[in-house]
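Reader: Please walk me through the charged pairs and the confidence of this model. Keep it brief.

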Amino acid sequence: MANDFFTPSGYPSNSAFGTSSDARSEFNLIEDGFDKLPALAGNSNKLVRVNAAETGQTVSLITDDGVNVTINGSIISTGGITLGTTLAIADGGTGAITAPLARVSLGVDIGVDVQAHSAVLDATTASFLIADETKLDGIETLATADQTGAEIKTLYEAESNAFTDAQFTKLAGIETLATADQTGVEIKAAYELEANAFTDAQFTKLSNIETLADVTDATNVAAAGALMASNDLSDVTTPATALNNIGGSTVAEINSIALKKVLVFG
């Protein structure tokens, strides 16, 4: 008859008398056996369990109302399990109490961690490879492959320091090898290479000619050993004057010079 709840003492023995003290001791053992059971009041629908020391039973956090079983606030029914709190991922749960929060917790948030369903992708048979992505990354936004020359020119001329039509026209109007910083020496050398240019030699020649020079001047004619047409000997009054005017030294020379004058000037 002995069990984990009560072990009889064996007193009194069969057909023997016992004392009241011995009877109370036996009843105390029976009471100790009942104390190993949980109380009834306040524990409706709760299941009992053996304690960790295996010395008795205690009320668990599991209730059974005949329809659902509730464990620590989480309801287990034929329709599923309704948890009263989150079940950690490490314990086999999702760490959340709603489907959207569960996706976030598990790292599969649609549109953030994973691609949402796309009918376009469903209809696509070709795979988008890493090489395709690299190629696409290298193409500028709004890039085109069919721009005309005029379009390219317009876009280029919109850039700073671009070579424009106005500059092209200006360049066309500048002679080949033209410079804007020639020195006076360079300009003079270039000029003197031209036909009929006024050269240094001509400048020197001009410098040696007297101001208002006149080749018919009497002094210049006499210095050249010539005879002026006005010397008709009418002003000769003395041999000395004649000698002085016509440059002769003797009468014979005077006659010879006079003859020459007559022959030359009539």
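Author: A salt bridge here is a side-chain nitrogen of Lys or Arg within 4 Å of a carboxyl oxygen of Asp or Glu. The model is predicted.

Reader: Which residue forms a salt bridge with Asp200?

Author: The closest N and O atoms of the pair are 3.0 Å apart. Asp200 lies in helix 8 (residues 200-207) and its partner in helix 7, so the pair ties together parts 12 residues apart in sequence. The partner is Lys188.

Reader: Lys188 forms a salt bridge with Glu192; how far apart are the closest N and O atoms?

Author: Lys188 and Glu192 both lie in helix 7 (residues 184-192). They are 4 residues apart, about one turn of the helix. The closest N and O atoms are 2.7 Å apart.

Reader: Which residue in helix 6 pairs with Lys153 of helix 5?

Author: Helix 5 covers residues 149-157, and helix 6 covers residues 165-172. The partner, 12 residues from Lys153, is Asp165.

Reader: Which side chain of opposite charge is nearest to Glu26?

Author: Glu26 is in helix 1. Glu26 is buried yet has no salt bridge. Its contacts beyond four places in sequence are Phe6, Pro8, Ser9 and Tyr11. The nearest opposite charge, 12 Å away, is Arg24.

Reader: What is the average pLDDT of the chain?

Author: Of the residues, 77% score at least 70. Over residues 232-237 the pLDDT is below 50. Where pLDDT is low, predicted coordinates should not be read in detail. The chain average is 79.

Definitions and conventions: Residues are numbered from 1 along each chain as its sequence is written. This is a predicted model: local features need pLDDT of at least 70, side-chain atom pairs count only at pLDDT 80 or more; totals for chains, interfaces and linings use all residues. Side-chain values use heavy atoms; hydrogens and water are left out. pLDDT is the predictor's confidence in each residue, from 0 to 100. Contact means heavy atoms within 4.5 Å. Helices (H or I, at least four residues) and strands (E, at least two) are DSSP runs, numbered from the N terminus. Buried means under 20% relative accessible area, exposed over 50%, partly exposed in between (1.4 Å probe, protein chains only). Lys and Arg count as positive and Asp and Glu as negative; His and the chain ends are not counted.
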